[in-house]
Amino acid sequence: MPAKDIASALEAAGIPGLSLNTLRGDVQVGEFGLAALPGREAEADCNLDAALDHASAAGLGAVHVMAGRTDAKEAEAVFVDHLRRGCE
């Protein structure tokens, strides 16, 4: 949904918008976020940048970063690094 439509809908309803999620990835294969998935860092970074821009344009103050599901040992480090890059 375009950011201006989100902002207009929130204004019309008289309610604040809080946040939006980053993209979940390929839901057809069961992905539920990309931010902690080793090897998907570049895609996750692009999704976070887009979500931050969209949230800002819609007047939302936060983005929920969808970590994803993985058993990879390095998932926590990948996720933390992703969040750090998003804060730059």
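Buried means under 20% relative accessible area, exposed over 50%, and partly exposed in between, with a 1.4 Å probe and protein chains only. The model is predicted, so local features need pLDDT of at least 70 and side-chain atom pairs count only at pLDDT 80 or more, while totals for chains, interfaces and linings use all residues. Residues are numbered from 1 along each chain as its sequence is written, and side-chain values use heavy atoms, with hydrogens and water left out.

**Stop 1: asparagine 47**

Select asparagine 47, which is buried because its relative accessible area is 15%. Asparagine 47 belongs to helix α2, residues 41–58. Helices here are DSSP runs (H or I, at least four residues), numbered from the N terminus. Apart from residues up to four places away in sequence, asparagine 47 touches Leu23 and Leu34; contact means heavy atoms within 4.5 Å.

**Stop 2: the cavity**

What lines the largest cavity? Select Thr22, Leu23, Leu34, Ala35, Ala44, Asn47, Met66 and His82 to show its lining. A cavity is a set of points, on a 1 Å grid over the protein atoms alone, where a 1.4 Å probe fits but cannot get out; lining residues have an atom within 4 Å of a point. Grid points are joined across faces, edges and corners, and a volume is the space filled by probe spheres set on the points. By this rule there is one cavity of 30 Å³ or more, and the largest cavity has a volume of about 40 Å³.

Colour the lining by residue class: five residues are nonpolar, three are polar and none is charged. In this scheme Ala, Val, Leu, Ile, Met, Phe, Trp, Tyr, Cys and Pro count as nonpolar, Asp, Glu, Lys and Arg as charged, and the others, Gly among them, as polar.

**Stop 3: histidine 82**

Is histidine 82 buried or exposed? Histidine 82 counts as buried, at 1% relative accessibility. Leaving out neighbours within four places in sequence, histidine 82 is in contact with Ala35, Ala44, Asp45, Leu48 and Val65.

**Stop 4: salt bridges**

Next, show the charged side chains. A salt bridge is a side-chain nitrogen of Lys or Arg within 4 Å of a carboxyl oxygen of Asp or Glu. How many salt bridges does a search of the whole structure find? The search finds four.

Select arginine 85 and aspartate 45, a salt bridge whose closest N and O atoms are 2.8 Å apart. Arginine 85 lies in helix α3 and aspartate 45 in helix α2, so this pair ties together parts that are 40 residues apart in sequence. Arginine 85 is partly exposed, at 32% relative accessibility.

Salt bridges that share partners also join Glu31, Arg40 and Glu43 into one network. Arginine 40 meets glutamate 31 at 2.4 Å, N to O, and glutamate 43 at 2.9 Å, N to O. Glutamate 31 is buried, with a relative accessible area of 16%. Arginine 40 is partly exposed at 22%, and glutamate 43 is partly exposed at 37%.

**Stop 5: methionine 1**

Finish at methionine 1, in the segment before α1 (3–13). Methionine 1 counts as exposed, at 69% relative accessibility. Not counting residues up to four places away in sequence, methionine 1 touches Ile6 and His54.

Note on methods:
Helix = DSSP H or I, 4+ residues; strand = E, 2+ residues; numbered from the N terminus. 1 Å grid on protein atoms, 1.4 Å probe; cavity = no way out; pocket = protein on both sides within 12 Å on 5 of 7 lines; lining within 4 Å.
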